[in-house]
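Biologist: I am new to this structure. Could you show it to me and take some questions?

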Amino acid sequence: MAADRDRAEPAARIGYGPEPWPDLEHALHRLALHDDKLGAVCLRLDDAARRERTRGRTRAPLAGVPFGLKDVWDARDSFTTAGNLRHARRRAGSDSLILRALRDAGAVCVGRTNVSDLAATPECANLLYGVTRNPHDLTRTSGGSSGGAAAAVASGMCAFDWGSDFGGSIRLPAAFCGVVGLRLPSRTFAVTGHFPFVPPELGLHGQGPLARTVAGVRAVVDAVRARLEFRRASPRDFAGIVVLGPDAFAAGEWPDAASDISLALRAAGVSVRVGATPAPRDIHHAFAALLSNHWRRFFGAFVGESTLAGICPGLGKARLHPHTQRIVAELAIAGRTRYRDLASTWRRVEAIRAACEALFDAGLLIATPTTTVPAPRLGHAHAKRELGVFAKLGNLLDAVALAVPFGTFASGMPRSLQLLGPPGSLDAVLALGERLAR
Amino acid sequence: MPTYVGLACTVHDPALAVVDAAGEVVFAEGTERRSQNKRAHQRPPDDAIEIGRVLDRYVDLDDEIVLATSWERRRWKSVAARAAYLAAEPRISALLRPVMVGQTNAFDLVGLNLRYRLHERRPSTAGPEMRGFDHHWTHAATACFSSPFDEALCAVIDANGERSSTAFFEYRRGHLRRLDPEPRRSFRRNGSLGAFYAGLCFACGFDPVAGEEWKVMGLAPYGERDPGRYREFREWFQVDGLTLRADNFALLAAFDAMRRRPSPDAMELKDLARTGQEVFEDVASELLCNLAARGASRNLVLAGGCALNSSFNGKILNRTPFESLHVFAAPADDGNAIGAALLAFQQDHPTWQPPARVMSPYLGSQIDSEALSRLQKLGGLTHALPPGDSAMRYAAQLLADGKIVAVMQGRAEFGPRALGHRSILADPRSASVKDRLNAEVKFRERFRPFAPSILADHVDEWFESAQPSPYMERTLRFRAERREQVPGVVHVDGTGRLQTVSAELSPSFHQLISRFHELTGVPLVLNTSFNVMGKPIVHSVEDAVAVFFTSGIDALVIEDRVFEKHGR
């Protein structure tokens, strides 16, 4: 029966790790115990982690703290593959800035965490390392593209991970696995040393930590901020929040998200009002149009083909996971059909940006459900078109975007709330997230 | 053994450098200093009168002399032809014509005065050989040969070379290898960040011909990004690996259309400045990340006129995978005099490898001791130094007492920055000192910030992401807890364009700041160039005295002489 199917068997879940901020040996123990079931860590670095810990600076802010590194960040001493078969032995010439910053802060890397092929889909699966499962229900996805990161953090295999996010890739897995995920804006925190390349001029790409608590996320950001934050936005204070809830398009399994979130925010002492603009349907189409118009910039190098006629044979030769093939084909076709008018795309995008900037300028943050659906069953994420709508709003705005756990769905799977603010609101968003957590 | 004379012969910022038979740079100076003509537009690097004095002082006339120019002779005809074509282009002829026609003339004039003065001194000897080098190669040579690296990746980002506006090199054990393919396209299609920034400067109501791009940098932190403008500007550029494409004519025409009359209140355009600065940084960062992806080195050497963008330079190590950065004191076209001379030297000495060290920037003229004696004897000024005290220590005391002190020491700096040898100094602890300097000494806009010179050993205590900045080439953010201690040098966004002062490179300046540190507990001073707005940094004792008496400077220190105004 459906209800039975929705409740995972006790043996089919691993659940949360016992400690929200495990030490190295604890993390390695959990890794050894559970990763064959989860598939979160695609490359284990146990010995290297132990050596790093003994060499490390004991007074550094993250001294000895174990972290996972999403398999998109360049590292000289391990392969960075983005889960792509053709780049299985790709070794970068230099460490990415974030890896250097984390090591300088004393943290030790326990392994590379799994991603969706080319970090392109909301389901963590690739032809190189396989599938990452959700620790709360092994029949469901951990999400993507930072699925390995979220699963590893949730199950106690590391204290935190550092992900990347150009369409919800930190926040969706965080939501599905019940952890905290933060997206930092690209116009103040540069994304460098990331594979695959994401065109920076669209302002969609971001990065940030995943951890079990908001305090943990804040600790990681504080440790690397001076190194990564190349531009300071004017700090902004906020007087209240606008809650954007789902419409018929994005209702999913949480149609009352707006009222649930409003109640919680009011209980936390925040001034709240409910808004309807921008509509989730508009967000979905604006994001899809923007990606479709620029699909060559994202995927042309991997497909080796930039014409529509050549896309299918190109995809076949590219040896991409079927989920990624589907996404690329959809974008390529939509870019030549439904979303072919670039000027119209920019009008959609700028209307959304203008509406939200007006809220920010009025002293308001934005709260939404991170997603209105629980972690889908393995292989079914692509069917949920409403899945990433609210997360994508954060990318369109190049916003500070924080996903925090917020109860559970009827199935028992984690649920999540998202806070959005402009680049200068990082401290305000984190402070509010901590209040909500309390 | 030959002596090599490098001639930077771009129409603006001409300069001359001398490299001796051992490969040492013994002299380098911009024409603007000697002529006291800002940027010395359309003047040859070998000034008709001054070149004789340079030859007498730095060149052994018994030696063979090799002249080296910063543009390639065999391409001069095509550059000149292109210059003529561009000058005739109706949309932007008014913008580019003076530069392009002037450049054509510059190629014709370079070396003529030097040949005449050489012939005057040794009439029976054949004239010197002249060699031309690719413009971007001379940029790369200046930057890499002056760096502390044995190996590095080098990015030249410029307004215009013979063919392209960017060039990328690998530098290894003294030798350069170009990495990017030389474009076949014209100036029109090769994306030029230098042209972009000059256009932005023009649109903001400033004067790029006078080199006022740094006013844009100073204004930008006051503004916010305009999303629509950002997208418009950003879409002009396409970055494809190490190739930058743009329609330079279209972007210059767009900036021309945006141009407003010079406004008494530049703040009206702060958002435009901010947006343009962000686009510049984002495009340049993308190019540098693509360069870093080559994996050949973690050291970056940056050159070209765009390397004067200190605001961007301070962010490079936070935005790219590079771990170290070197930007020479004169990264723009004046610096090419050194690169040209050293490339000529290397041609004759193929195994030569420059020493890996930070090259001293103090390569210019010495102070004329006779002029100084005349000033002391005939100027009617009282030498104010207390007996038993040194001029630098006394100057530090004057600073601590709130005085504005102009300093002239040793050899002049090469390049646009004053690095303690031709500087006006003040106490950074004062919040009002900025306004006083802008109103009474520099006579410039109020939004212009002032720069700190800090003891190299103390950088980490005062700045985030501490990095060496010996040539004042980087802007970094002050640590939050330090900003209120030195409001005179903290810009509106919490940054400062710092010079890190070491005893090895500048012992006298280091002594002054050390004494100031002893007196006040603050290891940095406010350092601005010894000039007034619109004029180059002072060159002679006479220039220094003129500025001293026509501005609000309280004391003048020349070598070991101290002169104070009374009644201030």
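This is a predicted model: local features need pLDDT of at least 70, side-chain atom pairs count only at pLDDT 80 or more; totals for chains, interfaces and linings use all residues.

Modeller: Residues are numbered from 1 along each chain as written, chains are lettered from A and ligands numbered from 1 in written order, and side-chain values use heavy atoms, without hydrogens and water.

Biologist: What pLDDT does chain B average?

Modeller: pLDDT is the predictor's confidence in each residue, from 0 to 100. In chain B, 94% of the residues score at least 70. The model scores ipTM 0.79 and pTM 0.88. The chain B average is a pLDDT of 90.

Biologist: What is the radius of gyration of chain A?

Modeller: The radius is taken over C-alpha atoms, and the globule rule is 2.2 Å times the number of residues to the power 0.38. With 438 residues, a compact globule would come near 22 Å. Chain A agrees with that, at 20 Å.

Biologist: What share of chain A counts as buried?

Modeller: Buried means under 20% relative accessible area, exposed over 50%, and partly exposed in between, with a 1.4 Å probe and protein chains only. Of the 438 residues of chain A, the buried share is 63%.

Biologist: Which element gives the largest share of the lining of the second largest pocket?

Modeller: A pocket is an open set of points on a 1 Å grid over the protein atoms alone, where a 1.4 Å probe fits, with protein on both sides within 12 Å along at least five of seven lines; lining residues have an atom within 4 Å of a point. This pocket is lined by 35 residues, with A:His284, A:Ile327, A:Glu330, A:Leu331 and A:Lys392 nearest its centre. Helices are DSSP runs of H or I, at least four residues, and strands are E runs of at least two, numbered from the N terminus. The largest share, 7 residues, comes from helix 9 of chain A.

Biologist: Is B:Pro321 buried or exposed?

Modeller: B:Pro321 sits in the loop between helix 13 (316-319) and strand 12 (324-327) of chain B. Leaving out residues up to four places away in sequence, B:Pro321 touches A:Ser94, A:Asp95, A:Arg100, B:Cys289 and B:Ala292, where contact means heavy atoms within 4.5 Å. Its relative accessibility is 8%, so B:Pro321 counts as buried.
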